[in-house]
Amino acid sequence: MNIPFFTNKPSEESFRYLEGNKPNHIAIIMDGNGRWAQKRGKARVTGHKEGISTVVKIAKAAVKCKVKVLTLYTFSTENWKRPKTEVDTILRLPKEFLHLYLPDLMAHNIRIETIGETEHLPAHTREAIRYAMERTRDNDGLQLNFALNYGGRHEIINAMKKMLADLNGANLSLDELDDQQVSEYLYTAGMPDPDLLIRTGGEKRLSNFLLWQLAYTEFWFTDVLWPDFSEKEFLQAVEEYQQRKRRFGGL
Ligand code: IPE
Ligand code: IPE
Ligand code: MG
């Protein structure tokens, strides 16, 4: 039986770039949930709930594109400033997301990981993540990283503290410290730096995301709000990335 690999739109044609200059690691600032809801006269939390179906759509699109790592900015260290009811809702979403989609993620051979200060999340959030990481541990397809209670400055401070402890304990010498070595102290240790950063929702800023890792990343912004973001726009970003000339300071 001849089963086409891609049964839905966008068609196979849209994936023609599968070969060639592919991004290995894509990072996304999933912004615009609150505005999406407000535009519809609904509470902001409705937008967050709607946003979780976009997560699974985009994760599957990343699998099709053979991306190795997809890092999603889910909750920042600054997002605690929001009203408690909104924070509580956001921090319940990982459990809801996994309840709905874990079988689908398993079927797509996706491994779940997190970056950030996860130890300071509520117990129910930590438990949901721990379970998902455990269940998906042996999947060797896409690595799906959720940045949860993540802040770039916090990550760097944390790394500095660990480095200083290792220097004092003579597990590290000052001469050894270079780019590579510093990267090993970050939450993203062992991962390639993002090739492409996507931000939805119209803002053009980093909001404390992956400050070290984005040094030479290509940026792609869209006004589309996260709940409306689709495979089509994701592919457009990847295709535009493929046209870019990365120079890393050279010629
Ligand atoms: C992004 O959507 C999700 C989180 C920050 C958790 P927002 O909640 O920031 O939505 P806007 O930017 O207010 O529309
Ligand atoms: C960035 O969005 C954080 C996440 C998407 C999790 P924010 O909505 O918090 O960023 P600012 O406040 O507009 O910079
Ligand atoms: Mg926002």
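On a 1 Å grid over the protein atoms alone, a pocket is an open set of points where a 1.4 Å probe fits, with protein on both sides within 12 Å along at least five of seven lines, and its lining residues have an atom within 4 Å of a point.

The model is predicted, so local features need a pLDDT of at least 70 and side-chain atom pairs count only at 80 or more, whereas totals for chains, interfaces and linings use all residues. Residues are numbered from 1 along each chain as its sequence is written, chains are lettered from A and ligands numbered from 1 in the order in which they are written, and side-chain values use heavy atoms, with hydrogens and water left out.

## The largest pocket

The largest pocket has a volume of about 740 Å³, where a volume is the space filled by probe spheres set on the grid points, which are joined across faces, edges and corners. Its lining is made up of 36 residues, and Met30, Tyr73, Thr74, Phe75 and Asn79 lie nearest the centre. Two or more lining residues come from each of helix 1, helix 2, strand 2, helix 3, strand 3 (111-115), helix 4 (123-136) and strand 4 (143-150); helices (H or I, at least four residues) and strands (E, at least two) are DSSP runs, numbered from the N terminus.

By class, this lining divides into 17 nonpolar, 11 polar and eight charged residues. Here Ala, Val, Leu, Ile, Met, Phe, Trp, Tyr, Cys and Pro count as nonpolar, Asp, Glu, Lys and Arg as charged, and the others, Gly among them, as polar.

## Around ligand 1

Ligand 1 has 13 residues around it, of which Asp31, Gly34, Arg35, Arg44 and Arg82 come nearest; a residue belongs to this shell if one of its heavy atoms lies within 4 Å of the ligand. Helix 1 (33-39), helix 2 (44-64) and helix 3 (84-107) each supply at least two residues of the shell, and the largest share, three residues, comes from helix 1. The shell holds two nonpolar, six polar and five charged residues.

A backbone N or O atom lies 2.9 Å from an oxygen atom of ligand 1 in glycine 34 and 3.2 Å from one in asparagine 33, while a polar side-chain atom of arginine 35 lies 2.7 Å from a ligand oxygen. Taken alone, ligand 1 exposes 380 Å², and the protein buries 87% of that, with accessible areas coming from the Shrake-Rupley method with a 1.4 Å probe.

## Around ligand 2

The residues around ligand 2 include Ile29, Met30, Asp31, Tyr73, Arg82, Arg199 and Ser207. Strand 2 (residues 69-76) gives the most to this shell, with three residues, and by class the shell has four nonpolar, three polar and four charged residues.

A polar side-chain atom of serine 207 lies 2.6 Å from an oxygen atom of ligand 2, and side-chain N or O atoms of aspartate 31 and arginine 82 each lie 3.2 Å from an oxygen atom of ligand 2. On its own ligand 2 has 390 Å² of accessible area, of which the protein covers 78%.

Note on methods:
Polar contact = N/O pair within 3.5 Å; in protein donor to acceptor, adjacent residues only side chain to side chain.
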